[in-house]
Structures are given as structure tokens and as C-alpha cells.
Amino acid sequence: MMEIMNAFLALTIFIILMNLQPVIVANLVLVNKGICVERGRVAYVTENELQFNISNEKDSCKVEVVLNEPVTQRVGKLTPQVFDCHFLPDEVKYVHNGCQLLKEDSVMLRVYRFSELETIVEIFVLRVEIRSPKSSLVQFGQVSLEVPEFFGISQLIDRNILSFKYNGLGKVCTVRIMSSELLFPAVGQVVVEDSKIQKREDVSTYTKKKKAGQSKPPCPSNAACHSGLKEIHLLKMSCEDFLEMRVRYQHLSPPSPDKDYIVIQVEIRDRKTRLQLQAENVWIPVRIKGAIPNRQPQAAFMSMFILEIDEFILTPLTTVTLDAEDEETQRERLVFNITKPPPQGYLTHLEDHSKAITSFTWQDLYDTKVAFQPSNVSHSERQNYEVEFQAIDGLFMNSVPIMVHFSIRSTVTNAPRVAWNMGLDLLEGQSRAITWKSLQIVDNDNLNAVQLLVVEGLNHGWLTIRGNKGFRFGVKDLRDGVVRYHHDDSDATKDDIVFRIFDGKHSARHRFPINILPKDDSPPFLVNNLVFELEEGNTVLIGSHLLMATDFDSSDDYILYKISKPPSAGELIKQHFPDGPGIPVFSFYQRDLFHGLICYRHFGGEIFQDSFEFTLADSQEPPNLSDLQIVTIHIMPVKDHLPKEVPGTIRHLVVKETEIAHITKDHLHFTDAELPDNQLMYTVTKPCFSPTSPGLYDTGKLIFTDSLKKYVKNSTIPPLSSFTQHAITHMKVAYMPPLMEMGPDPLFIQFEFSVSDQQDGMMTGLLFNITVMPVDDEAPEELQTHAVN
């Protein structure tokens, strides 16, 4: 039955497309074979399925996805919303949302061919065939998820309900609940036990305590107010945690169909690179006991199903004219399909009343955004049309045809009126003539006296009349094609002109819409450019959270990073396998970043700050180029070297016994390529001693001179046990000889020390030699001798 409905819907769209407002047909679509997609997966559109009869060098050509057609893209979405006719591989894709109810979908598109003088438009439908996935990431169990009664709560979503099928080795599986993005669950919500309110209490006891025959929701506004429960709108966690989280379904809104759905997205990524390997959207069915199977919607009893229309006048439809109801679906979710369009004129949406529609939502009807545009042909007698509609509920079940009678009466008035308004379609920065084909005025008594005056609009362009800027013109100017709109080349996609139309006695206001298709005239720009860090000699993956660009006008996947100044302490590589050697690259596409293929590899030298420079280019010919960009890289040192003694260092000090002598860089100098001097530490492991006079008590000491006022030997100066190379370089370390007289012979002194980088790199057992020279600073003493008699 569902297949018959889908075939009928496809035929309906085809019939309506044949009855849309006139366009210039030039067979712009060369190949349209439709696409196939596995349920819940992604399918890319290629030139095998869709081609356009436009040369790449001739006119500009754009394709636009029509968004305000709710009978299309019902279980998926085609992106991007606007793309070039010569689209790139993997640029245009259809993402299926996982719905199990339809085996076919459709996407309505408009293709625009822009020459210098005119715009040619074709509307077509891309068919989407939906197939079961060959290997799903989710396997449902023998037990189905059930709600025992209205307002009830289901059992836990655990391994009895479903399991995840993937090879867990080196992979990460995550689940995201999609309730905030789709309209499901439709009559319930996803809830989880709140540990802050209760500790693992079995909430199923609520259904036992609930009074029999309860018919009202237990909470105001259908909120989840059961003790110990909280509602989940958006949730992302590992697949294993999801099955352990005690997630349930809570029913909220009877009467309802006997089935509802919880929509989740399952994603498998590489554990190391975080590259997405697989993704699938899955609908978990929920059975609601006591509910009846879904029934088709019906025409509302109170509607009149008659629309009175004045010729040429855009007339809104309301729920007084057309309405439907469904016991299981809220009216806001109903959709109307136009199965038999009017033979003349067209139904339109007031957001752009220059284009026909084939479907609309109940909410649009209620908000009076749907209207009928009569034909621009005047009739002397009343015209009566039968227009057929079909209501579609939230589970895609169709009503029987609903007939509405359109009655168009001739109007006798001398006031000017707009008989036809097709608006303009043009490419960003172009100009187009407003001709009689796009805007037609009628006036019974004196059409040539009718004037049009611009009173509002023109927010992104200006008008010229016969080549000069102007804001007022007549019907003859329209017929002559001398009224021209010029776009200001901004990024705006919509503009309009509000005219006051008057003939000297009567006046009316009318809006003329202008649709602007973007052209690719702006370069890509960076949205992420973070400094990234790695250890010396390592390789780091450049993820999109570190480096990412975007482009308003073209595919982000094909943004090209052109390296103008490569890194000096390392290299950029493309690494197809996590443990592979990688290939040096000097340019790469952003999709390589998205796929986790671009890495920075440090050479391992003692350079700890690096960078590279690049420009961004899009896929246009010639490409749009960004300004020069710089990425900064910090390398964290790894202790793979010990401190080294500087060649030429003597490690020997000669000092007079009466002086204090500084130990300078000539005497003691070690370096570490990975550390500054103030982090290179000397530690005295054996204080000053004399190897030649082992019994000597006072052998002098090392002292810190920064606080000394006089360089005079003093016993109160404390000995120095540790110091840095920085202190030696700045003459702050000295040796003070022994305080007592040392006699006529030089004194040989040593101290033992170690040198450390404070990061486990140390050299020990080092000796420093000191020679203390005696000073003869006293007069010789005269010795007297006496003779012996």
C-alpha cells in the first residue's frame, strides 16, 4: 500500500511541475537517473546520476534545492542548498535520517542558467531509492521496546532491545540521540533516571501506583516530572555507556498511534586519529499498548471547501476554506499535497509569491501563508476550477482526495492591479530587465496613465530607467524593457521592491520579489587556527579542531591549503595509515584534514618553535585566494642529551690567599641545548678539600657574591652548595681562600660537583681545581744571636 502511495505522490509532483508558471525550457538537465541510498546512510551524487547540458566555459549555472516543499525530502536532506552545475566528487550528498516507513524519497531542484542578458530556469525532481543497509551497525533483539499503557514508561533500553555491531579493536563507538533535530518521538519523550533524585530506583513502580483509568497527563505541559526521571533532548556518549545508562521511553500524548520512534545516530571512529569510519541513523520502534494502528487523516467537518477569488488578485487560503484533522497526529504536523492543480494560475507561498508550490504544511495554511495567484488572462464570465488536495499525517499516511472549488469572478473596477508577478532571478552582481513577462499591470480605463513608484525595498541594488538611475516609470517602460534592476554584488540572496501603483485616481501597493543566486567570488577563510604542541621528535595529527577553513560559496572539502613557506624544524606529511611512513606534502585539501591524513612530523633537532605559512584557495578557475596565514607549532623538549662542557673551559682557578676570586665562564661553563642557563644547576657534592694535605681543616669555600658589600674574607659568609650557570655567567659565584696564613708553599684545593638539567639529566663526580698562591705581606723578622764565652 505504501509503495502505491509513493508512486501516486511521484506522479502528482510530475503533473504539478507540468502546470507551474511558464519558464523558458531549454533542456538544461541532460541526465537525471536518480540515486540509491542505504537506510540511515549517506549517498553522494555523481555525474553518472545527474548532469546538466551546460558547457563549463559558457554561461554560469547554479542548482538550488527547493526547501519549501514538504512532500519532498521527507526522510532525508540534500546538501549543499546551492551548488554549481559542474559539482565536484563528494560535494553533493543525500543524508537519509533512518526512517523505516518509506522506500522512496524525492528532492525538488531548480537549475538556473545565467547569461549576460537572461536567466533560464528549469524545475526537476531527483528520485531517491531507499534500500536496507547491507550491514547495519545496530542489531535489534528479540524483545521490542514497549509502553504498557498510556502515560506509561517503557523498560530499559539495554542489550535485550538492541546491540551494536562493530569490531571494537582500535575503534570508538558513540551514540547521539536526535530528538532535538527531528520530530520524533512524536507522542512521547526519552527519559533517564536522575541519580540526584534517586539512586537506581526502579521507576517502573510508577505504573503500578498510577490509578486505573487515568486519562490526563501526570505533569503540566506533558513534562517529565516523575520522581527520579529527567528528559533528554540531546545526548552523546559511548555505545556501551548508552546501554548502561538506563534510558527509557515515556508516553505523553494519547490518543496516539500504536508506534512511536526514538531516533539515534551511531558513529564509529578510529581511536587514534578520530577519523569517522562509519555512521548510521537508526529509528528504534516503540510499541504503545492500548493504542490503535495509525489511521489516515480526514477533511475537517467545519471547512467550506470553497474559495472566492477576484481575478488577478492574489488570494490567501485559510482553514475556513481547507482543513484536515487526524486523531493520532497533531494538526501542526499535517502536510497538504496538491494532487490536482488549477488549470490556470498557481498556488504559491507568500514568502515568494512568484513561484508555484506543490505542497504546504498545515501551519502555513493556518498562518495564511498559502495563496492562489489567478491567471493573467481576463474573462468576462466567472471561472470555476476544482482543485484537489491530499492531507498527509506524521507517519506519511494519505487522506482520500479533498476537493476545493475555486471560483474566480470578473471584477469591474477602474483601479490599477497587478495581473502577473514572476519576480526576478539573477546571479549575484548581475542586472536584469523587469519586463512585461515578469510584471504585468491591468487598468480598465487608462493603462498608459498607470505609473509605478518605488516606495520601499531595493536594499541590495538599484533601478535604472533607460540607463539612468530612477524610481518612477510607466507601463510603456515595462513593455519596452528599459527598467532594469542592478544587484550591488553583496552576499545577499534576497531583495525586493515595493511599488505604489497609481493612475491618478486610485493606487495600490505591491511587492516585487528578487531572488539572487550566490556566485563564488570570495576566498575561503580560517575558522580554527590553534597553536598545537608536540614532543620533540614526535608526529602530531592536525585535526579540524586545530586547523579548519570554510567558504560561503563552495564546498569546504575542496579548500586547498597551498604551503608557501614550509616548516623548518619538521615537515608536513600525508599519512594514509596510522603507522605508515607518510609522504611530505606542500599542498593538501581540507577533506584530507577531515579524514585525518595530514600530520606534522618534527625532525628531532634542538629547535622548539616552528611554523608554516600558506594561502587558502577554493575550487574556482581562477581560484579565489585568501591572505597569507601562519600556523605556529610549539615543540616540547625531551631529555635526550646531557649537559656538555664548553670546549676551552679550564676548570682551574688560581687565586691569591688574601683575595676573593670569581669563578667565570672561562673557569666553569656547561651548556644544554634544550635549556636556558638559569635552569642548568651545579651542586657541590664534596666541599673544598686538599688532596695533598688531607688533615687541613680550613680549605676555603665557595660563596655567593651578590649580597657582598666588600670583597674581604669573612668567616660569617655562608658556604654555597648549589648555583646555576646563569650565576657564573653574571659573576656571582666566587672562591674565598682559607682565613689563616698558609705558609710559603702554594695550596692545592679541589671540590667535587655535579651538573644537572633538572629533568633527570645529570653528570656527577666532576672536579674543579683551585691553586691558592701564598702572599708575602709581612717584613722578615730579625733574629739576634749571642756569643758564648
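**Salt bridges in a predicted model**

R159 is partly exposed, with a relative accessible area of 44%. The model is predicted, and it holds 28 salt bridges.

**Exercise 1.** Find which side chain R159 meets in a salt bridge, and state what the pair ties together.

Step 1. The partner of R159 is E244, at 2.8 Å from N to O. This falls within the 4 Å cut-off for a salt bridge.
Step 2. E244 belongs to helix α3 (residues 239–244), while R159 sits in the loop between β12 and β13 (162–164), so the pair ties together parts 85 residues apart in sequence.
Step 3. E244 has a relative accessible area of 48%, which makes E244 partly exposed.

**Exercise 2.** Locate E146 and R287, whose side chains meet in a salt bridge.

Step 1. The N to O distance of this pair is 2.9 Å.
Step 2. E146 is in strand β12 (residues 145–147) and R287 in strand β20 (residues 276–288); the two are 141 residues apart.
Step 3. R287 is partly exposed, at a relative accessible area of 42%.

**Exercise 3.** Decide whether D496 is buried or exposed, and do likewise for R511.

Step 1. The side chains of D496 and R511 form a salt bridge of 3.7 Å, N to O.
Step 2. Strand β41 (residues 494–502) contains D496, and strand β42 (residues 507–517) contains R511, 15 residues apart.
Step 3. Buried means under 20% relative accessible area. D496, at 19%, is therefore buried.
Step 4. R511 is partly exposed, at 27%.

**Exercise 4.** Name the residues that salt bridges with shared partners join into one network.

Step 1. The network consists of E308, D310, R382 and R409.

Technical notes:
Residues are numbered from 1 along each chain as its sequence is written. This is a predicted model: local features need pLDDT of at least 70, side-chain atom pairs count only at pLDDT 80 or more; totals for chains, interfaces and linings use all residues. Side-chain values use heavy atoms; hydrogens and water are left out. Helices (H or I, at least four residues) and strands (E, at least two) are DSSP runs, numbered from the N terminus. Buried means under 20% relative accessible area, exposed over 50%, partly exposed in between (1.4 Å probe, protein chains only).
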